[in-house]
Amino acid sequence: MSGWRDHVLQHFAPQTSRLTLVADPDGLLIEEGILNAIRARGFEVIPFDDPVAFRFAYESQYRQRWDRGEDTELVVVLRAEEDDLRSLPFDLLRAGRRLPTFRLAHIFPKLSNPVVQALDRSLLDALHNAYASYDGGELGDRSTKSFVLRTVFSCAPELVKTPADALRLLCEKHAKGDRFPAQLDEHVVQLLRANVVLSGWPLEKVVPERDAFLHWLQDHWPAFVARLSRGDTSQPSSSADVPFHEVRAHVDTLFLDGALRPVPFENAEKLPEWAKVGVVVDAIGSAHRRLAALLERITRDSPAADAPYKDWQQFAWRWAEVLVLKAQLGTSLETTLASQVDALHESLEARFSSWMISRFGSLANLVERDGRPVMLHHVARYLAGRRAAAAEQRLALLVVDGLAIDQWLVIRDALAAASPSLRMDESSVYAWVPTMTAVSRQTIFAGEIPLLFADSIGTTAKEEKHWRRVWEDADVPSVAIGYRRGLGAVGGPEIDDLIEHPKMQVLGLVINTVDDIMHGMMLGTLGMHQSVKLWAEHGYLARTIERLQSAGFAVYLTSDHGNIEATGRGKLWEGSLVESRGERARTYDSDLFREQAHKECPDAIIWHGAGLPQETKVLLASGRHAFVFKGERLVAHGGISLEEAVVPFVRFWRE
């Protein structure tokens, strides 16, 4: 355990007090390692954010258990700027053990606290390791920024002398997936801008924004390979040129991962081998080579059993590229590669399933330092924060029901072709388990964990009511809040009245087409991709985004759950005992009924995940199985596969 965590965890000895209170203004108790360690010691953690929601959870989940004589130990975390516990209810203060406030300034006293505060808490391990060997004096803001960049991010902009140095720095920055705090991005831009050889580079865009950087590379790649095919290996002719040949390993990775797209090229035989990854001559052959290379990399670099949640989020995108390539090849896929994909898929799902069983309970309390959502119920709070900062007064959230990341990649290509000026900031979030619409989608619009809408957990009928409450709590007038579902189909409901309403400020829009495609799909992932591609090329989504942006809306997109191609392991016949007859997840109202079903299907997973009402008992299909007739193939959702549980979260803007 890292030394900085020991500073916190020494106060969490088991069987000390059933109720512990702690103020956490610096967000140390929402760091993943801390949460997992506290839970491993037998504590449960609940934040005190909304007094009403807290009181409901506290009384229904913990007070009742204590009254029954159970030994549950609870930690109540006050996540506010102040460190005064007196804002907690009196009954908690009277009964609870109070801990000292944990401060970053106490852990890193020689560093500038505002700079350290801006870092995501997942980076504190690297910072602490570097700080442990630092024996100098106190550092100011500028020196702390350089120290953090060098030791945490392995980024040294002050050492950049040539365009090749700068390109290597940017490739490494954006390849890791770590988002620098804004003040560090500004520091990097300031140092690089002082270098005259970079005068033609759009540093203010390509340093902070990964999407802008990738578009810049994509725009320069065709001219570069044309010059390379002519045998021109001279130095760049202007300060705006991009020296791809100096970062060959990064170029290979960017094309393999789908971050850059190969371009058609007729003289590929004149290119050096390293550059051929970025051109298309034989589409089938190129796809086979790329898939083989991706499988080799995934086998070598897939997340470990105890990986941080961000590792699985990043890995989900690489695995989605494999699924897209497999579907593109279709019947042309070589037998050996098909077997490799299938074996690797089984292995990955088993590993991710184990990770979800052990780590899912911590996810609900995690928050990235810049406020970005980790789980779907965080999305509304994040959007409210964006709006409160006055940067995005008009907001629209598009929830594409059932959209997995691999299907998003298909849609993304269609959007890019239809609207070249559209830019996309892509990330991902975790869905709620069971990954069923009535559970996971409802968390988006309620902005709450399922426990707090127990009365409607089996229906989506209250989504609009939830959505309005979330935004009314954020001081948005009721007349300025819009919600509509059933969108996406030709001849379906329109949203012109919502967009054109002069007082409209916040929109929640449910697009059902992908989920509708999924539930009628008999051709597996290949059929899903083909149908989703046709729908995307029809232009509904591109037109909707453009109309919203033209009306001044900041547009975001997410999904309530993904989906996976599954095979039946046998149908469960339960009559009225089962509350929800899901293909990948089934819910019951008693442990007895669930246990009976589990005896019929012993390889199914009894889900004890946090956040559900006590009376909701869940049984999940394991691996890539489904609760349907043996051997039946279908595309379904509800379980804890990587494709179901990690979904896209995208912000759109225009160049």
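Which residue in E18 does Ala 566 stand opposite?

1. Ala 566 stands opposite Leu 634 in E18. The model is predicted: local features need pLDDT of at least 70, side-chain atom pairs count only at pLDDT 80 or more, and totals for chains, interfaces and linings use all residues. Residues are numbered from 1 along each chain as its sequence is written, and side-chain values use heavy atoms, with hydrogens and water left out.

2. Strand E12 (residues 564-568) runs antiparallel to E18, and four bridges join the two. Strands (E, at least two residues) and helices (H or I, at least four) are DSSP runs, numbered from the N terminus. The open sheet has three strands in the order E17-E12-E18, with mixed pairing; two strands pair if DSSP finds at least two bridges between them. E17 (625-626) and E18 (633-636) each have a single partner strand, so one side of each lacks a neighbour in the sheet.

3. Asp 425 belongs to strand E8 (residues 422-430). This residue is buried, with a relative accessible area of 7%; buried means under 20%, exposed over 50%, and partly exposed in between (1.4 Å probe, protein chains only).

4. Phe 652 is 227 residues from Asp 425 in sequence, yet the two are 6.4 Å apart in space, C-alpha to C-alpha. Leaving aside neighbours within four places in sequence, the contacts of Asp 425 (heavy atoms within 4.5 Å) include Arg 179, Arg 372 and Trp 653.
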